Amino acid sequence: MKIVYHCYGGTHSSVLAAAVHTRRLVPDRVPSPDELLALPLYDKQDGKDYGRIAAYGRDEAGNEIFVLGRRSYVQAPEMVFCGLRSAFKVAEPVKLVDTATTLNWQMKVGGYLSRGLGLKAIGRLIVTWGSHLAYPRVVSLVETIRKEVMSN
Amino acid sequence: MHNTPLAGLVALGQTGVFGGAAEKIHVDRLPFLKRRQHFMWAGKDADGREVYAVWMRLDGVILTRLIESFCELHHISREQYAVHQVPNPPDFRLRLVVLAYQLGLFGVARWLLQRTRGPGKTRVPRLAGVD
């Protein structure tokens with residue numbers, strides 16, 4: 001199965017979720033800011049990447065994990081993918097997971113400063129703080145998804 | 001594709017649903033004109049190609065990328081599909097229809113649409129065309 005974690009920019013909460021899913025980050029320990037910033041795609045994608053799916057690896061069951069930035073169009077990936085699956089008669093399901101539910105204001109503000117305004121020093125400080133705080137929620141979401149896909 | 005249901009009308013125009021004697025659009029018989037977002041099959045064009053329409057309040061570039069991303073994900077080659085953004089219609093009344101849709105005035109848009117075409121008047125899907 002293909003699993004796509006999506007959020008506004010495809011660079012913070014979705015990357016965190018993908019990293020937890022693929023076990024680049026362990027679920028039982030909150031990563032340090034350096035570990036977060038060393039993650040592939042973390043605080044790296046911007047406007048030119050919106051709408052593009054980026055591969056993030058596989059989980060132990062062989063499911064392919066992707067991240068996607070879709071700006072504020074939460075329903076867009078679901079509607080487009082559902083329509084295209086039907087159009088191309090694709091049997092393989094794609095699981096779309098909105099990770100924006102795990103965001104806190106620190107991640108929003110930090111992400112905007114870093115990716116939107118280019119103020120990386122202050123932005124990254126705030127967004128890693130926010131990621132630190134949001135980590136348990138991200139882990140909870142990912143574990144729910146993992147259980148769901150593993151049981152199928 | 002478009003950010004209004006005009007995409008649906010254009011797609012139906014490509015498949016020949018509108019045109020000639022059948023070009024009169026009965027707005028009430030086209031429930032998709034009420035939908036803010038939709039992905040629909042419009043039929044086959046004269047060359048036998050499947051035609052679909054998709055519209056939603058979304059940046060056209062992102063919508064295109066989403067389509068391309070899906071196709072890359074499933075190894076669907078560029079030869080198997082083409083994405084066309086519906087350009088702004090040249091007809092003034094149709095532009096009003098689009099504006100009404102974009103402002104969220106769906107009732108007004110459909111009311112205008114009902115009065116936009118007619119015998120000897122604008123052929124909606126044809127003039128809107130695709131690029």
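In β3(A), which residue is the bridge partner of A:Val4?

Analyst: The bridge partner of A:Val4 in β3(A) is A:Phe66. The model is predicted: local features are reported only at pLDDT of at least 70 and side-chain atom pairs only at pLDDT 80 or more, while totals for chains, interfaces and linings use all residues. Residues are numbered from 1 along each chain as its sequence is written, chains are lettered from A and ligands numbered from 1 in the order in which they are written, and side-chain values use heavy atoms, with hydrogens and water left out.

The strand itself comes first. Helices (H or I, at least four residues) and strands (E, at least two) are DSSP runs counted from the N terminus. Strand β3 of chain A covers residues 64-69, and five of its six residues are buried, where buried means under 20% relative accessible area, exposed over 50% and partly exposed in between (1.4 Å probe, protein chains only). Two strands are said to pair if DSSP finds at least two bridges between them. With strand β1 (residues 2-7) of chain A, β3(A) pairs in the parallel sense over six bridges. With strand β2 (residues 53-58) of chain A, the pairing is antiparallel and runs over five bridges. There A:Arg58 stands opposite A:Glu64 of β3(A). The hairpin of β2(A) and β3(A) has five residues between the strands, and within the hairpin A:Gly62 takes a positive phi near 90°.

Next, the charged side chains. A salt bridge here is a side-chain nitrogen of Lys or Arg within 4 Å of a carboxyl oxygen of Asp or Glu. Over all chains, the whole structure has 16 of them. One joins A:Glu60 and A:Arg146 through their side chains, at 2.3 Å from N to O. A:Glu60 sits in the loop between β2 and β3 of chain A and A:Arg146 in helix α5 (residues 120-151) of chain A, so the pair links parts of the chain 86 residues apart.

The side chains of A:Glu148 and A:Lys95 meet in a salt bridge at 2.3 Å, N to O. A:Glu148 is partly exposed because its relative accessibility is 33%. Elsewhere, salt bridges that share partners join A:Lys2, A:Arg58, A:Glu64 and A:Glu92 into one network.

B:Asp59 forms a salt bridge with A:Arg71, with the closest N and O atoms 3.7 Å apart. This pair crosses between chains, from the loop between β2 and α2 of chain B, which holds B:Asp59, to the loop between β3 and α3 (76-88) of chain A, which holds A:Arg71. Both count as partly exposed because their relative accessible areas are 30% for B:Asp59 and 26% for A:Arg71. Between chain B and chain A, the count is one salt bridge.

The wider interface can be described as follows. With contact taken as heavy atoms within 4.5 Å, 24 residues of chain B touch 27 residues of chain A. Buried area is the accessible area (1.4 Å probe) that two parts lose on being put together, summed over both; for chain B and chain A it is about 2200 Å², with 75% given by carbon and sulfur atoms. In chain B, B:Arg65, B:Phe70 and B:Leu73 lose the most area to chain A, together 30% of what that side buries.

A polar contact is a pair of N or O atoms within 3.5 Å; within protein, one must be able to donate a hydrogen and the other to accept it, and residues adjacent in sequence count only if both atoms are side-chain atoms. Seven residue pairs across the interface of chain B and chain A are in polar contact, both residues at pLDDT 80 or more. On the chain B side, the elements that give two or more residues are β1 (38-44), β2 (50-55) and α2 (60-73). The largest share, 10 residues, comes from α2(B).
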